[in-house]
Amino acid sequence: MIKVAIFDMDGLMFDTESAYSVVHGAMSKKRGKEYTLELKNSFMGKRASEVIEGLNIYWGKNENVKDLFKEQDAELVRIYSESVEKLKGLDSLLTFLNEHSIRKCIGTSSRRFLVGVLLKKFNLESEFEFIVSGDMVERGKPDPEIYLKCIAQLGVSPEECLVFEDSLNGVKAGVSAGCKVCAIPSEYTHHDDFSIASLLAESLDDKVIGNFILL
């Protein structure tokens with residue numbers, strides 16, 4: 001029986017992946033490089049430090065990482081505040097989980113302050129028991145550390161947790177942690193093979209999710 005829902009954030013709860021595409025595309029262009037879909041997909045689900053370090057290597061500039069974060073974050077916060085929206089079905093799924101007394105938390109590779117920007121924007125801060133973010137772990141997805149930390153804090157067994165993910169790295173992390181995993185592919189990940197997931201849904205309000213939880 002599913003007792004807990006663990007949510008990824010980027011590309012799953014909010015349309016942040018398009019924001020990252022804009023920001024990293026502009027940063028790459030500034031440095032004379034193209035930001036390709038293949039490059040973006042290789043970073044999906046990974047911690048911010050891994051992404052910035054990977055971009056730094058790709059650009060071949062050996063720039064100061066702290067300066068790169070400042071450049072990136074200023075634009076991300078602006079876009080988050082101005083245009084990032086919730087993804088289809090988030091509100092209805094949260095309502096469904098509340099109606100069936102399913103606990104909720106967030107396990108995201110994003111940094112804690114960026115999670116806070118969006119939860120505050122959409123008045124969702126009280127919806128989740130806690131957040132395990134990318135700056136709280138040493139190893140990013142597909143390593144299961146983020147989800148293992150969630151499980152430990154929840155005090156439940158992995159089999160009682162349903163992880164919601166949009167990236168293959170995230171799905172692998174959830175499966176490695178021993179959780180049930182619902183894959184909801186995005187426009188960036190729909191070509192990936194999610195066969196290791198427990199179920200595949202088209203959106204957060206797909207009926208297969210409720211049916212799976214109530215089995």
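The crossing of H1 and H3 is right-handed, where right-handed means that the near helix is turned clockwise from the far one by less than a right angle, and left-handed anticlockwise. Helices here are DSSP runs of H or I with at least four residues, strands are runs of E with at least two, and both are numbered from the N terminus. This is a predicted model, in which local features need pLDDT of at least 70 and side-chain atom pairs count only at pLDDT 80 or more, while totals for chains, interfaces and linings use all residues. Residues are numbered from 1 along each chain as its sequence is written, and side-chain values use heavy atoms, with hydrogens and water left out.

**Helix packing**

Let us stay with H1 for a moment. H1 and H3 pack at about 25° with axes 11 Å apart; axes are lines fitted to C-alpha atoms, for helices over the stretch in contact, and angles run from 0 to 180 degrees between N-to-C directions. The two helices are therefore roughly parallel, a label for angles under 35 degrees, with over 145 counted as roughly antiparallel, 65 to 115 as roughly perpendicular and the rest as oblique. His24, Met27 and Ser28 of H1 meet Val51, Leu55 and Trp59 of H3, contact meaning heavy atoms within 4.5 Å. That contact divides into four nonpolar, two polar and no charged residues; Ala, Val, Leu, Ile, Met, Phe, Trp, Tyr, Cys and Pro count as nonpolar, Asp, Glu, Lys and Arg as charged, and the others, Gly among them, as polar.

How does H1 sit against H4, parallel or oblique? H1 and H4 are oblique to each other, and H1 passes H4 in a right-handed crossing. On the H1 side the contact includes Tyr20, His24 and Met27, and on the H4 side it includes Leu76 and Tyr80. By class, this contact has nine nonpolar, two polar and three charged residues.

H4 (residues 65-82) also packs on H6 (residues 112-121), and H4 is roughly parallel to H6. Among the residues in this contact are Leu76, Val77 and Tyr80 in H4, and Phe113, Leu114 and Val117 in H6. Here the classes are seven nonpolar, one polar and three charged.

| Helix pair | Axis distance | Angle |
|---|---|---|
| H1 and H4 | within 9 Å | roughly 140° |
| H4 and H6 | within 10 Å | roughly 15° |

The whole structure holds one cavity of 30 Å³ or more. On a 1 Å grid over the protein atoms alone, a cavity is a set of points where a 1.4 Å probe fits but cannot get out, a pocket is an open set with protein on both sides within 12 Å along at least five of seven lines, and lining residues have an atom within 4 Å of a point. Grid points are joined across faces, edges and corners, and a volume is the space filled by probe spheres set on the points.

The largest cavity has about 270 Å³ of space. Of its 23 lining residues, Asp10, Tyr20, Phe43, Lys46 and Val51 are the closest to the centre. Helices H1 (17-30), H2 (37-43) and H3 (48-59) each give two or more residues to this lining, which divides into seven nonpolar, six polar and 10 charged.

The largest pocket has a volume of about 220 Å³. Gly11, Leu87, Ile184, Pro185 and Ser186 are the closest to its centre among 14 lining residues.

**Backbone details**

Lys141 and Pro142 are joined by a cis peptide bond, with omega about 15°. Pro142 is in the loop between strand S3 (131-132) and helix H7 (145-154). Asn62, in the loop between H3 and H4, has a positive phi of about 50° although it is not a glycine.
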